[in-house]
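These are my notebook entries on contacts looked up in the structure shown below.

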Amino acid sequence: MSDNRKLIKIATAGSVDDGKSTLIGRLLYDTQSLTTDKLEAIEQSSRKRGYDYLDFSLATDGLVAEREQGITIDVAHIYFSTRKTNFVIADTPGHVEYTRNMVTGASTSQVAIILIDARKGVIEQTYRHFFIANLLRLSHVVVAINKMDLVNYDEEVYLNIKAEFEELVEKSHFNTEQITFIPLSALKGENIASKSDLMPWYLGNSLLDHLEVLEPEDLFESSVARFPVQYVIRPKTEAFHDFRGFSGKLYGGKLKVGDEVTVLPSMTSTRIKTIQFLDELYDEASPDSSITITLENEVDLSRGDMLVKSNELPKSEKQIAATLCQVNNKPLKVGDKYTLQHGVNRVLAKVDRIESIIHTDFSGEVPADQLRLNDIGKVHFRLSKPIHYDPYQKNKSNGSFILIDEGSYDTVSVGFINA
Amino acid sequence: MSRVLIANPKEAESIHIIREVAAQFERPVLLFSGGKDSITLVRLAQKAFFPAKIPFPLLHIDTGHNFPETIAFRDQLVEELGLELIVRNVQDSIDQGKVSEERGRYSSRNTLQTTTLLDAIEEFKFDACIGGARRDEEKARAKERVFSVRDDFGQWDEKNQRPELFDMLNGRIHQGQNVRVFPISNWTELDVWEYIKNENIKIPSIYFAHKREVFFRDGMIWTANEHVYREAHEAVEEKMVRFRTVGDMTCTAAVLSDAVSLEEVVDEIRLSTISERGARIDDKRSEAAMEKRKKVGYF
């Protein structure tokens, strides 16, 4: 079963024409992830458009509508690997719908690559991309200063952009070790897979070398174990007549056989009897494993309930405050009712109060009475039943939720629960 | 010695998705083609629910042009795991006059199966269809969601997809809608092969090198068979070949190979420079082929 390579998930963000698709295409090319037939297709398309170079952006621009407009319009997932590491890129577009799309892409990523056009420097979009990386508490940010070929690989240009960006970092949750600046040219392949000879003044790693040394462990994820029950397994067969297993994915920390655990919401305590995965029994399970647990005592436990260590109880509240990002055209207003999905648990939620809309350029917040698509704001909710949560900053999976519209059933917002 | 379970992140994610299907839907079904991706899905579903049985049936849309090895494999798998199998035939859709057979050099029943699939979904009122598509297969698939909502006509509206945040899956749908679910979205072709090797999963024999009567066309290798259109000048020869995908004989090309074991197959794939869908003629029809077919309800 084991694929021992680590898995690093990356969200990419840039403005229109920053060369993001070209950068991704180049990464695929340099890691031999573009197959002969895909390369042929790129050569053919490039020729058809009259380019005298290979347009790697064509490797990722998927949909017909996009190719016509020459821009990407949604989140696309791209895969490549090196000998040591598997990578998944969630590629998100840089134009108007950027907030929704980048929040979506960043929600499954540990690393953000923010592209800056060396000729343009830090622009309004850069603030916004960094704001989202900060809001979602990604572990690492790579600031890729692209198109260095168009500024004669000038160190001065790089240093100015770096200094300007560092002012932003001071306004964020990040410490300087989490931010890496790399000057590069995606088009020419400089500082992508190997160090560039044209920028000897740059002492850091190439982009690919840097991505390879990152660790997937989430700096913001606490070591507290959270086990939301997804599905109760009752085989009712001869061999497993009395078997009652609780299956789900383990988040945040380890669980061991014998651990004293508390069942939420009933607050019953018991111990873990077995941890199993297929027909194998284990003494201990690591975070992010999908497992089945049995308990010493018969307890009332069904989908949406949560199992935690008895000395590590989460908060249980019917009133919560969250930072919300609106991801649907329908605005969110005071008094609106939604289904709130927290992990696999669903409760009804009513918007009690909208405190503010937060400017995504780090310039503060303003009072508001509704949240429109791509707005980020602070919102207070009243719930039909308590949820068992941690603040997002302590535990991402147990501190986030989505809102589902009762009419359209669309996912309309994503929330990050505040402390 | 303490036994510690370390998660394979992609496997754990897929199992999480499959359990969400069982929990959120009333009538899920697993679309089974007999290919390696759907065989991997069966293995993952087994892991998701053990020691209970997989709580949904398999559905095979049989074009009638399958490799016989695939059908024999399917029946054996179903028997061994005690699964429920539903088969619906493209031939029936043709006989009922709902679709008509393609003619000529590139004729295939591959596009016809959409109609048979949609009819089966309606017949059994399936609300979730689990499929083995992967985002790395083709550009249009890269934007596919894990839970992909389809309307009554099975259509995919790529501009109106629900965002999927973290690993929270929203399977709420209206009457008449259904969801296509792709648990191995984030796997690559090599991930699947390595998993099959590491788990020692049985797969149909045509994935391994064997002698076969074939002919060459457009730089690709085709099975010489009554179902595959062949022109008189296209000469048949016997070659050592294997298949990288198990679609219809009419649209699945072979590759020259000596790989007779899983180890050798995985090594070959690792070194290979032709992506998997490159060996499927149906995608070569045009650059936007896959996207067009998805809009009308293809897997």
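I began with the side chains of K10(B) and D191(B), which meet in a salt bridge at 2.6 Å, N to O; the term requires a side-chain nitrogen of Lys or Arg within 4 Å of a carboxyl oxygen of Asp or Glu. K10(B) belongs to helix α1 (residues 9–24) of chain B and D191(B) to helix α6 (residues 189–199) of chain B, so that the pair links distant parts of the chain, 181 residues apart. I take helices (H or I, at least four residues) and strands (E, at least two) as DSSP runs, numbered from the N terminus. K10(B) and D191(B) are both buried, a label for under 20% relative accessible area, with exposed over 50% and partly exposed in between (1.4 Å probe, protein chains only).

I note that the model is predicted: local features need pLDDT of at least 70, side-chain atom pairs count only at pLDDT 80 or more, and totals for chains, interfaces and linings use all residues. Residues are numbered from 1 along each chain as its sequence is written, chains are lettered from A and ligands numbered from 1 in the order in which they are written, and side-chain values use heavy atoms, with hydrogens and water left out.

**Further salt bridges**

I next looked up R217(B), which forms a salt bridge with E234(B), the closest N and O atoms being 2.9 Å apart. This pair also links distant parts of the chain, 17 residues apart: R217(B) is in strand β8 (residues 210–217) of chain B, and E234(B) is in the loop between β9 (220–223) and β10 (237–243) of chain B. R217(B) is buried at a relative accessible area of 6%, and E234(B) is buried at 5%.

K147(A) lies in the loop between β5 (140–146) and α6 of chain A and D117(A) in strand β4 (residues 111–117) of chain A, so the pair ties together parts 30 residues apart in sequence. K147(A) and D117(A) are both buried.

I also found E11(B), R43(B), K47(B) and E199(B) linked in a network of salt bridges. Over all chains, the count comes to 36 salt bridges.

**Aromatic rings**

F165(A) is buried at 0% relative accessibility, and F181(A) is buried at 7%.

In chain B, F124(B) and F126(B) form a stacked pair, 5.2 Å centre to centre with 25 degrees between the planes. F124(B) and F126(B) are both buried.

I noted one aromatic cluster formed by F130(A), F131(A), F165(A), F174(A), F181(A) and F362(A).

**Charges over rings**

R3(B) lies over the face of Y282(A), at 4.8 Å from the ring centre; the rule asks for NZ of Lys or CZ of Arg within 6 Å of the ring centre and within 35 degrees of the ring normal. The charged end of R230(B) sits over the ring of F215(B), 5.9 Å from its centre.

Methods: Phe/Tyr/Trp six-rings, centres within 6.5 Å; stacked < 30°, edge-to-face > 60°.
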